[in-house]
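Student: I would like to learn how to read the features of a structure one at a time, beginning with the general idea and then turning to the case at hand. Could we start with how the elements are named?

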Amino acid sequence: GFLLKLLRVELALLFGVMSFFFSFIPEVGNLIALTLPIPIIIFDSRLEKPFLTAVIATSGQLGLKFVFANIIEVKLVESDATMKMHPVITLLSVTFFGLIWGAT
């Protein structure tokens with residue numbers, strides 16, 4: 001939401017809140033949250049360069065999601081003693097529940 005506010009996009013706060021809630025939906029939530037502001041940005045007649053603004057907004061959101069998912073969350077999980085599991089236990093669990101419920 002902050003990046004969209006800096007780019008002077010309408011409804012930036014709403015898109016920030018929606019991005020927060022969509023991030024709880026696995027796999028597709030972040031994609032939906034990423035694409036929601038694009039039509040608003042492109043069709044906003046007050047922006048001088050709407051396509052450049054859309055590219056900057058999309059790139060910024062992708063960069064932030066990459067940093068949080070691949071760096072910050074990993075560091076938080078590996079620093080927590082209750083979250084540490086041996087890799088063999090993780091693989092066996094994935095195999096067992098994959099056999100029960102099928103591949104997803």
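Tutor: Helices (H or I, at least four residues) and strands (E, at least two) are DSSP runs, numbered from the N terminus. In this structure, Q61 lies in helix α5. This is a predicted model, in which local features need pLDDT of at least 70 and side-chain atom pairs count only at pLDDT 80 or more, whereas totals for chains, interfaces and linings use all residues. Residues are numbered from 1 along each chain as its sequence is written, and side-chain values use heavy atoms, with hydrogens and water left out.

Student: Is Q61 buried or exposed, and with which residues is Q61 in contact, leaving aside its neighbours within four places in sequence?

Tutor: Buried means under 20% relative accessible area, exposed means over 50%, and partly exposed lies in between (1.4 Å probe, protein chains only). Q61 has a relative accessibility of 12% and therefore counts as buried. Contact means heavy atoms within 4.5 Å; once neighbours within four places in sequence are set aside, Q61 is in contact with L3, L4, A33, L34 and P37.

Student: Which residues make up the largest nonpolar core?

Tutor: A nonpolar core is a set of buried Ala, Val, Leu, Ile, Met, Phe, Trp, Tyr and Cys residues joined through side-chain atoms within 4.5 Å. Here the largest nonpolar core has nine residues in all, namely L4, L7, V9, A12, F15, I41, L47, A54 and A57. The elements that give two or more residues to this core are α2 and α5. As for A12, not counting residues up to four places away in sequence, A12 touches G1, L4 and K5.

Student: How should I read salt bridges, and how many does the structure hold?

Tutor: Side chains of opposite charge can pair when their charged atoms come close. The criterion is a side-chain nitrogen of Lys or Arg within 4 Å of a carboxyl oxygen of Asp or Glu, and the structure holds two salt bridges. In one of them R46 pairs with E10, with the closest N and O atoms 2.8 Å apart. Because R46 lies in the loop between α4 (37-42) and α5, and E10 in the loop between α1 (2-6) and α2 (12-22), the pair ties together parts that are 36 residues apart in sequence.

Student: How exposed is R46, and what of E10 and D44?

Tutor: R46 is exposed, with a relative accessible area of 56%, while E10 is partly exposed at 38%. D44, at 10% relative accessibility, counts as buried.

Student: How many aromatic pairs does the structure hold?

Tutor: Rings of Phe, Tyr and Trp (its six-membered ring) pair if their centres lie within 6.5 Å; planes under 30 degrees apart count as stacked, over 60 as edge-to-face and the rest as tilted. The structure holds four aromatic pairs. The rings of F20 and F21 have centres 5.2 Å apart and planes at 70°, so this pair is edge-to-face. The rings of F20 and F24 have centres 5.3 Å apart and planes at 90°, so that pair is edge-to-face. Ring pairs link F20, F21 and F24 into a cluster.
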